[in-house]
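Subject: Structure for you to look at, with notes

Dear colleague,

I am handing over the structure below, and I would ask you to keep it open while you read the notes that follow it. Please bear in mind throughout that this is a predicted model.

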Amino acid sequence: MECKGAILELGGVIAVTDELHFKAWKQTFEDLLHNYSPPGQLIEFSYDKDYLPLVDNRPRYQGVKAFTESRDIHIPFGAPSDPPEYATICGIGNRKNITFRKMVSEQGIKLVDSTLSFIHHLHKQGVKVGVASFSKNSRYILKETGLTQLFDAVVDGVASSEVGLSAKPEPDIFLLAAERMGLEPYDCILVENSEAGVEAGRNGNFGLVLGLARNAAAQSLYSRGADIVVADLAELSLENLDLWFSETRHQETWRLRYHGFDPAEERLREVLTTVGNGYFATRGAYEGEGIRGNTHYPGTYIAGVYNRLASEVHGKKIENTDFVNCPNWLGIELQIADGT
């Protein structure tokens with residue numbers, strides 16, 4: 001098998017930790033909010049408005065900071081050694097961690113059987129497998145579930161803090177996992193279930209960025225950089241993965257794919273999809289756009305048709321030679337003589 005390694009996120013991919021994390025955060029933050037809210041006016045900590053955008057997939061203390069600032073609560077950062085009763089960012093984060101571990105001990109952790117089966121199949125093919133997560137509880141969860149020996153490399157929140165790794169969508173944590181397995185990212189699969197995670201995989205130049213559509217919609221995972229999106233790893237076969245790494249991966253290197261419409265990115269996409277032959281070029285603008293608008297910028301450029309203008313920059317005369325945007329031909333409509 002040409003694939004040499006696979007790196008998986010822990011929460012949501014290997015173990016179902018999302019619900020317990022949310023419950024622990026909710027209990028921790030609502031205890032805090034009682035001290036800052038008038039009687040009867042406490043706004044609950046919600047999954048969609050608070051947990052997903054402000055806390056999920058962030059290092060613990062960054063999550064505390066993001067949420068408290070969103071509620072206009074400003075408290076000292078403190079130090080990681082702060083006791084859980086301290087009213088600091090670190091103290092609150094440590095309180096949440098104690099609450100989470102208590103819940104794990106009492107309720108246990110549900111594992112994703114299809115993911116474990118996928119990992120075992122990879123091992124049989126000689127593929128190394130690593131796990132990477134910003135959670136400082138990663139090694140604790142692996143130990144509690146008896147999965148520690150299943151992985152060739154583990155990068156968790158503790159290692160991230162020690163090395164000073166940037167959070168997703170930066171690929172730091174996944175690159176470190178690949179390095180610890182002695183592999184190049186281009187030879188590895190990255191399995192993630194979050195938008196920031198798949199974007200990190202794309203930024204890290206992983207050979208296959210595999211999105212799991214559980215917490216995020218398939219379209220959003222594609223738009224952020226996933227090569228393939230599935231609802232469950234049971235949908236994949238090792239034969240298809242082998243085909244991807246032996247053929248499709250190299251073909252995809254030469255292709256530009258965009259999923260969804262993003263007005264802010266449209267002009268950059270038009271530049272990157274310009275088509276020309278060395279003499280004549282057309283920007284990849286929407287053909288129905290007759291004139292330049294706020295979103296699209298049709299452009300027709302011809303070799304030798306340019307404009308030279310001089311401008312003064314810091315007291316110096318600078319000449320700029322720019323292509324002239326010739327008449328846009330994309331709006332031309334053709335009609336056959338018989339009127340059909």
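Let me begin with a pair of helices. Helix 1, which covers residues 18–33, and helix 3, which covers residues 60–70, have axes that come within 12 Å and cross at roughly 45°. Angles from 65 to 115 degrees count as roughly perpendicular and those under 35 degrees as roughly parallel, and helix 1 and helix 3 are therefore oblique to each other. Their crossing is right-handed. On the side of helix 1 the contact is made by Trp25, Phe29, Leu32 and Leu33, while helix 3 brings Arg60, Gly63, Val64, Phe67 and Thr68 to it. Sorted by class, the residues in this contact of helix 1 with helix 3 are 6 nonpolar, 2 polar and 1 charged.

Helix 1 also holds histidine 21. Is histidine 21 buried or exposed? Its relative accessible area is 12%, and since buried means under 20%, histidine 21 is buried. Leaving aside residues up to four places away in sequence, histidine 21 touches Tyr51, Lys96, Phe100 and Ser135.

In soluble globular proteins, nonpolar side chains tend to be buried together. In this model the largest nonpolar core has 38 residues, and those that touch the most other members are Leu8, Ile14, Phe151, Ile189, Val191 and Leu233. Helix 5, residues 113–124, gives the most to this core, with 4 residues. Another core, of 25 residues, lies apart from the largest one, and its members include Val155, Leu165, Val209 and Leu221.

Finally, please look at proline 171, which lies in the loop between helix 7 (157–163) and helix 8 (172–180). Proline 171 has a relative accessibility of 7% and so counts as buried. Which residues does proline 171 touch, not counting those up to four places away in sequence? They are Ala200, Asn203 and Gly204. Although proline 171 and alanine 200 are 29 residues apart along the chain, their C-alpha atoms are separated by 4.4 Å.

With best wishes

Notes
Residues numbered from 1 in each chain as written. Predicted model: local features only at pLDDT ≥ 70, side-chain atom pairs only at ≥ 80, totals over all residues. Heavy atoms only, no water. Axes fitted to C-alpha atoms, helices over the stretch in contact; angles between N-to-C directions. Helix = DSSP H or I, 4+ residues; strand = E, 2+ residues; numbered from the N terminus. Parallel < 35°, antiparallel > 145°, perpendicular 65-115°, else oblique. Left-handed = near helix turned anticlockwise from the far one by under 90°. Contact = heavy atoms within 4.5 Å. Nonpolar A, V, L, I, M, F, W, Y, C, P; charged D, E, K, R; others polar. Buried < 20%, exposed > 50% of the residue type's maximum accessible area, 1.4 Å probe, protein only. Core = buried A, V, L, I, M, F, W, Y, C linked by side-chain atoms within 4.5 Å.
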